Amino acid sequence: MRRNIVLIGMMGAGKTAIGTELARRLSAPFIDIDAEIERAAAMTIPEIFARDGEPFFRARESEVLARVLAGQPAIVSTGGGAWMRQENRERISAQGVSVWLDCDLETLWHRVKLRPTRPLLQTADPRGTLERLLNERNPVYALADIRVPATRGCSIDATTTRVQEAIKAYDPEILEKLS
Ligand SMILES: Nc1ncnc2c1ncn2[C@@H]1O[C@H](COP(=O)(O)OP(=O)(O)O)[C@@H](O)[C@H]1O
Ligand SMILES: O=C(O)C1=C[C@@H](OP(=O)(O)O)[C@@H](O)[C@H](O)C1
Ligand SMILES: [Mg+2]
């Protein structure tokens, strides 16, 4: 049954911020998959990448996502790479509505450049890495049920309103299941 709202998109697109605000407005549970992984591992995401590597992180990410999607209906914010795995996409599509926060490179870079919390960007050329990932991932993000533009001009508030309206147009019943 499709009963979760699942935010997908690049690092810095606003999945955590918009998910938090959407859940507040709907009085619905909010779950951030990265935060759940950190809680379960009692380590931060950079620590998990440094100690156990990306394949280990991806395996934990899929496990946590499956558990969360099967739990109470919720607003779920994924990490940017979660949607890249087919098994994750299939689970999300079976148990929720996927919402892609589509954001341009300049905006993403502006938001993530000062934060050391994203291990994939700890490279010699982080902006180039972000651009490469964006170009690789955008065609896959485009498979989402709903696309919402999330560029620099739109505040968290305005983007959340757009997400709400897009979900209402796509499947009004899912909002009822959440509240
Ligand atoms: N629409 C927006 N307008 C302004 N700032 C935003 C917007 N969306 C996100 N941010 C800010 O950008 C940063 C990254 O957002 P975050 O929600 O962590 O992105 P993600 O979870 O997709 O990586 C945060 O500091 C957040 O407050
Ligand atoms: O894009 C990615 O592969 C990742 C995005 C991060 O989450 P955010 O998208 O919330 O930054 C986090 O899961 C990890 O650093 C990997
Ligand atoms: Mg996030």
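Analyst: Helix α1 contributes the most to the shell around ligand 1, namely three residues. The model is predicted, so local features need pLDDT of at least 70 and side-chain atom pairs count only at pLDDT 80 or more, while totals for chains, interfaces and linings use all residues. Residues are numbered from 1 along each chain as its sequence is written, and chains are lettered from A and ligands numbered from 1 in the order in which they are written.

Among the 15 residues around ligand 1, those that come nearest are G14, K15, T16, A17 and R111; a residue is near a molecule if its C-beta atom, placed from the backbone, lies within 6 Å of it. Two or more residues of this shell come from each of α1 (15-26) and α8 (156-170). Helices are DSSP runs of H or I with at least four residues, strands are runs of E with at least two, and both are numbered from the N terminus. By class, the shell holds six nonpolar, seven polar and two charged residues. Here Ala, Val, Leu, Ile, Met, Phe, Trp, Tyr, Cys and Pro count as nonpolar, Asp, Glu, Lys and Arg as charged, and the others, Gly among them, as polar.

An unreviewed UniProt entry carries the annotation "binding site" for D34, R58, G80 and R137; such annotations may be inferred rather than shown by experiment. G80 lies in the loop between β3 (75-77) and α5, and G80 counts as buried because 22 C-beta neighbours lie inside 10 Å. A residue is buried with 20 or more other C-beta atoms within 10 Å, exposed with 12 or fewer, and partly exposed in between. R137, in helix α7 (residues 126-141), is partly exposed, with 18 other C-beta atoms within 10 Å. Apart from neighbours within four places in sequence, G80 is in contact with G9, M10 and M11, and R137 with M10 and M84; contact requires C-beta atoms, placed from the backbone, to lie within 7 Å.

Helix α4 (residues 54-70) and helix α2 (residues 33-41) pack at an angle of about 110 degrees, their axes 10 Å apart. That makes α2 roughly perpendicular to α4, a term for angles of 65 to 115 degrees. In this contact, I33, E36, I37, A40 and A41 of α2 meet R60, E61, V64, L65 and V68 of α4.

Terms used
Axes fitted to C-alpha atoms, helices over the stretch in contact; angles between N-to-C directions. Parallel < 35°, antiparallel > 145°, perpendicular 65-115°, else oblique. Contact = placed C-beta atoms within 7 Å.
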